[in-house]
Amino acid sequence: MSATRKSVLVFRELPDDQLARIAALHDVVVANPRKPDRKAAFEAALPQAQGLIGSSYAITPALLDAAPRLEVISTISVGVDNYPVAELRRRGILLCHTPGVLTETTADTVFLMVMAASRRVVELANHVREGRWDRNIGEDLFGWDVHGKTLGILGFGRIGQAVARRGALGFGMRVQYHNPQPVDLPELAGRARHLPLDELLATSDIVAATLPLTDATRGLMGPREFGLMKPGAIFVNGGRGATVQEPALLAALDSGRLRAAALDVFATEPLPPDSPLRTHPRVTPLPHIGSATHETRHAMARLATGNLLQALAGERPQAVYTG
Ligand code: DGY
């Protein structure tokens, strides 16, 4: 590691042990610009900053102009949609992220949404909590089987593949996916079919999106796409909210085309107070918890911290974003 202390701006809180790793080698300012009382400190630290580490805040080209010494941004996320990737490349600023360590946890979250929407878990828990369980429930509150259904996965990166394993091997589902390229998964032994988007939508009982946000995926699920889905199907989103046109999703729910939706991600986060997705009776909304377990968030912080320290030492970080 380099002996020269550099300036690091931590723009989202890190666990103490990871902050200590950085502070042992570099000068650190912790300032989360999403907190109104820390925004000024964030802006004041940008001109000196050689390394940035954090997540959930859009780093714009204007912010980069204010940070002329910047060498590396280490995001504590696998997704990089908060960063101007081409602009960073043009300026020679390294972008690192946290692939791999959150795959299984995020796939668990996608699968819990599949289960929750199908078996009406939140609605039925509220039925009990609100004192309405005064006799055996009737058909009006019955759920829908998950086993034996066809699961269509949009996006077949690490997380989509981990969702496929859960569906095919754990729940006896037929699994199909849409992805630019077919993926050979020996552990599924031919049990995941690669399909064009329209065919996948028309033949899946449950569609689970695990898409990153790119120019190609922004607004991908619109009125035409929801209109292609099987009547009574379920839609789940564990990728990025802006891949879905939310008014089209709401229209598909209200028209009865879709049975239910479970969403961990939204076009705007946190979900605005007036969003109908907050209270829609057939939507299970979650506050972007895909990777939010103690173990996984710590693993992400460790990987992001390692990436930052390696970059500042002039070494090749473990996880540089190369997409
Ligand atoms: C990610 O890592 O991109 C997850 O969405 C958590 O933010």
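Let me start with R120, which is partly exposed, with a relative accessible area of 22%, where buried means under 20% relative accessible area, exposed means over 50%, and partly exposed is what lies in between, with a 1.4 Å probe and protein chains only. Please keep in mind that this is a predicted model, in which local features need pLDDT of at least 70 and side-chain atom pairs count only at pLDDT 80 or more, while totals for chains, interfaces and linings use all residues. Residues are numbered from 1 along each chain as its sequence is written, and side-chain values use heavy atoms, with hydrogens and water left out.

R120 sits in the loop between α5 (103–119) and α6 (121–129), where helices (H or I, at least four residues) and strands (E, at least two) are DSSP runs numbered from the N terminus. Its phi is near 55°, a positive value in a residue other than glycine. R120 also forms a salt bridge with E123, and the closest N and O atoms are 2.9 Å apart; by salt bridge I mean a side-chain nitrogen of Lys or Arg within 4 Å of a carboxyl oxygen of Asp or Glu.

Side chains of opposite charge can pair when their charged atoms come close. By the rule I gave, the count here comes to 17 salt bridges. In one of them, the side chains of E87 and R90 meet at 2.8 Å, N to O, and both residues lie in helix α4 (residues 85–91), 3 residues apart, which is about one turn of the helix. Is E87 buried or exposed? E87 is buried, at 18% relative accessible area, whereas R90 is exposed, at 62%.

A further pair is E225 and R224, whose side chains meet in a salt bridge of 3.2 Å, N to O. Here E225 is buried, with a relative accessible area of 11%, and R224 is partly exposed, with 45%. Beyond pairs, there is a network of salt bridges that links E104, D108, R165, R166 and E187.

Let me turn to the backbone in two other loops. S56, in the loop between β3 (51–54) and α3 (61–65), has a phi near 60°, which is a positive value in a residue other than glycine, and S56 is partly exposed, with a relative accessible area of 29%. In the loop between β11 (258–263) and β12 (283–285) we find P270, and the peptide bond from E269 to P270 is cis, with omega near -10°.

The C-alpha atoms fill a box of roughly 70 × 45 × 35 Å, taken along the principal axes. Of the 323 residues, 49% are buried. Among contacts between residues at least 6 apart in sequence, 59% join residues at least 24 apart, where contact means heavy atoms within 4.5 Å.
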